[in-house]
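Me: I am new to this structure. Please show it, and then let me ask about its parts.

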Amino acid sequence: MQKRGIYISVGGVSLVVISFAVAMSLVSSTGFPDSEFAISDMMEGMFDEVTDRTQIEPGETGTFSFDASSGVDSVFWGIQIMDFQSGDSVSISISNIYGDDLGTFQSDQPALFETMKIENPDIYSFHVKNTGPRPINTMMMFTKNPETSEKFSDPDSPLVKTLVPLAISGILLMIGIIVIIIGVIILVIDYRKKSSRFT
């Protein structure tokens with residue numbers, strides 16, 4: 001019986017193991033607690049402003065403000081549900097001091113990041129409504145002018161040191177799973193070919 005399927009599957013398993021090793025080494029080096037972690041800690045220095053951790057009850061709204069009154073052309077903002085569980089969700093609406101509606105975003109993931117163009121210098125309010133069934137703990141992060149910020153272009157930045165390895169780990173995991181599936185398919189095909197010779 002040909003062993004090519006076995007070799008391919010073993011290669012896929014190796015990629016999966018490597019991806020987990022990369023992820024675990026990153027987690028160990030950053031010292032995340034077992035229960036939850038803050039993205040702002042993982043990417044320390046990436047954000048100009050990080051809000052306090054705020055608890056929001058179901059159906060209630062928490063408001064976070066960001067001062068873009070001078071020298072700000074755009075803002076990279078994000079929200080994290082610190083203690084995320086399946087079913088948690090938030091709705092984020094943005095307004096200025098005049099109450100103008102500047103956009104609404106929905107998320108049912110642990111974190112959401114967006115970039116907003118600043119048309120007029122102002123103080124912007126981010127109204128975070130808990131649309132899920134239980135209380136959640138949230139935190140918001142802001143970075144001014146991400147297009148020109150060295151925090152995004154510096155090769156030694158937390159973005160490069162943390163998110164890039166995580167992305168590579170995720171890619172390796174997906175490739176590994178695909179290779180395993182291909183290996184199993186080849187194993188089945190080879191087995192059927194061998195069986196057909198004896199029938």
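Me: Which residues do ring pairs link into a cluster?
Reply: Rings of Phe, Tyr and Trp (its six-membered ring) pair if their centres lie within 6.5 Å; planes under 30 degrees apart count as stacked, over 60 as edge-to-face and the rest as tilted. Ring pairs of this kind join five names into a cluster: Phe66, Trp77, Phe105, Phe126 and Phe142.

Me: What kind of model is this, and how are its residues numbered?
Reply: It is a predicted model, in which local features need pLDDT of at least 70 and side-chain atom pairs count only at pLDDT 80 or more, while totals for chains, interfaces and linings use all residues. Side-chain values use heavy atoms, without hydrogens and water, and residues are numbered along each chain as its sequence is written, from 1.

Me: How many residues apart in sequence are the parts that phenylalanine 66 and phenylalanine 142 tie together?
Reply: The two rings form a stacked aromatic pair, with 4.8 Å centre to centre and 20 degrees between the planes. Strands here are DSSP runs (E, at least two residues), and helices are runs of H or I with at least four, numbered from the N terminus. Phenylalanine 66 lies in strand S3 and phenylalanine 142 in strand S9, so the parts they tie together are 76 residues apart.

Me: Is phenylalanine 66 buried or exposed?
Reply: Buried means under 20% relative accessible area, exposed over 50%, and partly exposed in between (1.4 Å probe, protein chains only). Phenylalanine 66 has 2% relative accessibility, so it counts as buried.

Me: Which strands stand at the edges of the open sheet of 4 strands?
Reply: Two strands pair if DSSP finds at least two bridges between them. The order is S3-S8-S5-S6, with antiparallel pairing. A strand at the edge has a single partner, so one side is left without a neighbour in the sheet; this holds for S3 (61-68) and S6 (101-107).

Me: How many bridges are there between strand S5 and strand S8?
Reply: Within this pairing, serine 91 stands opposite lysine 129 in S8. S5 (residues 90-95) and S8 (residues 122-130) pair in the antiparallel sense, and the number of bridges is 6.

Me: Which residues do salt bridges that share partners join into one network?
Reply: A salt bridge is a side-chain nitrogen of Lys or Arg within 4 Å of a carboxyl oxygen of Asp or Glu. Aspartate 83 forms one with arginine 134, at 3.9 Å between the closest N and O atoms. Aspartate 88 also meets arginine 134 in a salt bridge, at 2.8 Å from N to O. The network joins Asp83, Asp88 and Arg134.
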